[in-house]
Amino acid sequence: MNDTTDPVGRLDRLPVGPWHRRLTAIVGIGAFFDLYEVFLGGVLAAALAESWQLSGTEKSWLIASGFLGMFVGANVLSVLADRFGRRKMFLVNLGLYSLFSLACAFAQDATQLSALRFLAGLGLGAELVLVDTYLAEFLPRKVRGRYIAWAYTLGFVGVPVAALLGARLVAKHELFGVDGWRWLLVGGALGAAFIQLLRTRLPESPRWLASRGRTAEADAVVRAITSQAPAAIEQRGPGQSPATATPVQRAEAADTQKVPLGQMFKAPYRRRTIMWWIFQILQTVGYYGFGSLAPVVLQAKGHTVTESLSYAALSYLGYPVGSALSVPLIDRIERRTLIILSALGIAAFGLVFGFAEASWLIVGAGFLLTVCSNVFSNAFHVYQTEIFPTGMRSSAIGIAYSLSRLTSVVLPFIAIDVLEDLGADAVFIGSGVLMLILCLNVRLLGPRTTGRSLESI
């Protein structure tokens, strides 16, 4: 197998350098907007509840509408990314989000705002799927976990900043004669447009190009990367044949083939598909449930809108801290084990948050919950890229991920009713039970992946 016909194998053998770090930064910053939307739904529901006299159903739709759009977008754009390429869908998704997020800023009632948030969500549906897929397909296996964790750390730094900014803007009510909450939407739209411009310079994934039979183009991309890493050391000579390649190298070659989507329901991927569908439904309650519902839960505890947003913002400081904490852990602890341990932390601190009355305990429990959340999140975002082959990676991840968005649509309607009827403690008891089931699911059905090449798992 010569050097030109093996661009995929060369990706894992390239030394890590500034090019990889720059790629990780550009892709990771874009992840902020998906996370921003999760935060924004709860803020809008809390901020507009009084001025727009929102009913419980209207508050639920403000939170759920963005997730409903993400559900549709995740199914459509992630499948299109396997057909038309990762780079093209990267540009489409942020373009749609930027346009409709800006339109949201001009909404005049809850119905308009919910409809426009649905359309903005369409664009973001595949964002995290593409972040995971794209980075996993470029990064050498020895740093794959750490670098994806760093990408999410960059994205999560913006969440507490946005939350604190949101609390200030909502508290001031107006800025330059415009409602403060509208500025949150404008800021998201303009920021996404800027990141989209940066992404126009990104190359297409060589693994995707090779899976479509475009080996020469894949080779050109890898050569361009290699030219920026002159110290690259190949582990196999250019004249080595497939017969003398190692098993991992032969697997790498096999992975450069188109894989029918139906293969996800056949051995050996059927078990992984079932496991990951169950996982995505359950993780939504513990992870996205807190991020999107925290301000509403705090209001139900008797705190004012400003207090609720401020406490939530302080709790959200745990997101970048947890994400950074995951960096030294993610390649040292088996991914599956790290997911389980952090999920147990989410369940435990969620219970404390639900029962807490004192402000310091609310903030402390919320902070520790979000720390665990992002160790959990980074571990599973890396894990999901490792359990499906290149030819169907984006589609398989995206379809499973869309189930989390569908669950997020239903969650506010159930959680807000439970919150109003039974209180915050009941919400978090239910969440804790579901996280325990998640742990069993991953332990019993999930494969080990840490330290292995994508093609050998």
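Mentor: In this predicted model, helices α17 (335-355) and α20 (424-445) each supply at least two residues of a nonpolar patch, and the largest share, three residues, comes from α20.

Trainee: Which residues form the nonpolar patch on the surface?

Mentor: The patch is formed by Leu351, Phe355, Ile429, Val433 and Ile437, which together have about 420 Å² of accessible area.

Trainee: Why is Val433 called partly exposed?

Mentor: Val433, which lies in helix α20, has a relative accessible area of 45%; buried means under 20% and exposed means over 50%, so Val433, falling in between, is called partly exposed.

Trainee: What makes the contact of Arg86 and Glu137 a salt bridge?

Mentor: Their side chains meet at 2.6 Å, N to O, and the cut-off for such a pair is within 4 Å, so the contact of Arg86 and Glu137 counts as a salt bridge. Arg86 lies in helix α5 and Glu137 in helix α7, so the pair ties together parts that are 51 residues apart in sequence.

Trainee: How do you know whether Arg86 is buried or exposed?

Mentor: The relative accessibility of Arg86 is 0%, and buried means under 20%, so Arg86 counts as buried; Glu137, also at 0%, counts as buried by the same cut-off.

Terms used. Residues numbered from 1 in each chain as written. Predicted model: local features only at pLDDT ≥ 70, side-chain atom pairs only at ≥ 80, totals over all residues. Heavy atoms only, no water. Patch = residues over 30% accessible without salt bridge, like charges linked within 9 Å, V, L, I, M, F, W, Y side chains within 5 Å. Areas by Shrake-Rupley, 256 points an atom, 1.4 Å probe, with all protein chains shown as cover. Helix = DSSP H or I, 4+ residues; strand = E, 2+ residues; numbered from the N terminus. Buried < 20%, exposed > 50% of the residue type's maximum accessible area, 1.4 Å probe, protein only.
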